[in-house]
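Reader: Please show me the model. Then I will ask about its chains, one point at a time.

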Amino acid sequence: MSQRTHEAEQIVFDRVVKTYPGSTAPAVDELTLTVPAGEVCVLLGPSGSGKTTALMMVNRLIEPTGGDIRIGDRSIRDLDPIRLRRSIGYVIQQTGLFPHLTIAGNIATVPKVLGWDKKRTKERVDELLELVGLPPGEYAKRYPAQLSGGQRQRVGIARALAADPPVMLMDEPFGALDPITRERVQDEFLALHERLRKTVIFVSHDIDEAVRMGDRIAIFREGGRLAQYAAPRELLKKPADDFVARFVGADRGLKRLSLMRLGDLDLAPADGAGSADRGGAVPELPAAATLRSALSLMVAEGVDAVRVTGDAGGAAGEAGAADAEPPVLGLASLDAVRKAGSA
Amino acid sequence: MNGVLLQTARVPGLLSAAGQHQGHGGGPVIPDYGTPSRCVAADGTFCPDWFASHWRVLFWPALLQHIELTVIAVVAGFLIAVAAAVLAHFQGWFAAPCSAVSSFLYTVPPLALFQLLVPVSGFSVLTVELALVAYSLYLLFTTILTGLREVPEDAVRAARGMGLTRRQILFKVELPLALPSLVSGLRVATVMTVATVAIAAYVIDAGLGSLILKALQSPFNTQFIGAGALAVALALAADGLLVLAGRLLTPWARSRRAA
């Protein structure tokens, strides 16, 4: 049949308006933005700001009252809604898994309505379960109620990926998870995204999640108006107005630091790398640590620099790291961190 | 009411039961019914030997008739109720009139309903089934509609978002998820119908109710008690079967476990 991996496609909102019947104020007001192919765009805003409405117009669960949305070079108006939806991955909060179907049955939903044969469907289900880290042998025949919240969310993502859609819509997918599980599933999703490079529109009301997940963030204000559309670093550095500044929070400088890693800094040479003459007063952090954790460590330890270490030896295994002495790459000073944060 | 009651004046079972004529030699003008057992002769409350010896001619056929009347009524009522509930689920305005009509039918006493129908459809199985179906609709319609409405909203939204058609959502998501409600509605309706079929003896000479009705006019109690017990057992068995079928159909509902 056709090639298995569909190219990601860009999504364009072109002066999109949605006014619900019986309401004079639009829920989404003249929304214009472009999500480049293969990027994650987070729609962020308080409740009632129209971000979910904007998302649901992409797969025509809600019909726009004005403007146009294009996926690739095709307007969604020209496509049959049912076929359009089958070509778009859709993940919602609480996953919306079907409790009466097994995990395999859930993931096979779209392949089945698309008329795939049994063999192809089963292969795809197994492939996707492996992809999200749930061994098919153990999980395929279970029911959603038998999984943990994080596992259910991974199944939700696998189900959305079933027909290998070029575009994915995610509506607060991790909203119901506890903070620790949420962070883990976010990391897993980012790793997955690194491999699959779908165009993703992701609704969230959590600025930290948006900063973590988004290549770009679109901040909505009440009345469905776009307040700012920018990359996270840009957004945190230069909020367009008071509303955005308030929404991203007074700690936006720290949030910005959490986007940068020690390894990206120009490090000062460490005097006598690894030597004990400074009495171990300078704490160490791996190059992959964020500037935010470096700053936090400096504040906690009352020092003005941290030693940055590289990977231990050649083996990149976490278990082996304890044995081998990691090489010291250099010194990151408080000043360097501050400068990088405001650059 | 008299017209209905007249129907049941014949009491064939009891004649053979009492066995009041013993055949002496000579011209057997009266057939020989054999010698009654001690229990029967003493007019015991319940005579197992009599029950056993009349199982094939009396109780078993009546039980089969009872089952048949029940199954037809429940299946027909179920199909109508499902269709009405689905319609009401799709078109909200349809729910109120459906509910009003079925609850009105439910409040009419079954005997009165039989009486009302006899002039139309006579002393027939049709009359009985019409009344039974009318009687079961309210319970079935209400539970099925509730079941459909209580399907988790996010499951339906996910199904829409994935590109399932309205019909696919109904058959692949909503009806399967409403199964527990469907089954509980069926259970109540079935048990109720088993009981109501017994009253149908006023209209047709069939079912366990017919045996009970005839026995009421006799001091001999075994037939009355036997048929009554069978009706109770039938209701319990049908209920049990439905519980079992429900479990088999909804393996997901009992697979919950702390995760």
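Reader: Which pLDDT does a local feature need in this predicted model?
Author: This is a predicted model; side-chain atom pairs count only at pLDDT 80 or more, totals for chains, interfaces and linings use all residues, and local features need pLDDT of at least 70. Residues are numbered from 1 along each chain as its sequence is written, while chains are lettered from A and ligands numbered from 1 in the order in which they are written. The threshold asked for is a pLDDT of at least 70.

Reader: What pLDDT does chain A average?
Author: pLDDT is the predictor's confidence in each residue, from 0 to 100. In chain A, 91% of the residues score at least 70. The average is 87.

Reader: Over which residues of chain A does the pLDDT stay under 50, with three contacts beyond four places in sequence?
Author: A contact means that C-beta atoms, placed from the backbone, lie within 7 Å. With three such contacts beyond four places in sequence, the stretch under 50 is residues 273-278 of chain A.

Author: A further stretch has a pLDDT below 50 and four contacts beyond near neighbours in sequence: residues 314-321 of chain A.

Reader: How many helices and strands does chain A have?
Author: Helices (H or I, at least four residues) and strands (E, at least two) are DSSP runs, numbered from the N terminus. The C-alpha atoms of chain A fill a box of roughly 70 × 50 × 35 Å along the principal axes. Chain A has 14 helices and 13 strands.

Reader: And how many helices and strands are in chain B?
Author: From the N terminus on, the elements run α-α-α-α-α-α-α-α-α-α-α-α. The count for chain B is 12 helices and zero strands.

Reader: What share of the residues of chain B is buried?
Author: Buried means 20 or more other C-beta atoms within 10 Å of the residue's own; exposed means 12 or fewer, and partly exposed lies in between, with C-beta atoms placed from the backbone. In chain A, 41% of the 343 residues are buried. Of the 259 residues of chain B, the share is 37%.

Reader: How are helix 9 and helix 10 of chain B oriented to each other?
Author: Helix 9 (residues 153-161) and helix 10 (residues 166-199) of chain B pack at about 170°, with axes 11 Å apart. Axes are lines fitted to C-alpha atoms, for helices over the stretch in contact, and angles run from 0 to 180 degrees between N-to-C directions. Angles under 35 degrees count as roughly parallel, over 145 as roughly antiparallel, 65 to 115 as roughly perpendicular and the rest as oblique. Helix 9 and helix 10 of chain B are therefore roughly antiparallel.

Reader: Why is helix 11 of chain B largely enclosed?
Author: Its buried residues include Leu208(B), Ile212(B) and Lys214(B). Helix 11 (residues 208-215) of chain B is largely enclosed by the rest of the structure because its buried residues number eight of eight.

Conventions
Two residues are in contact if their C-beta atoms, placed from the backbone, lie within 7 Å.
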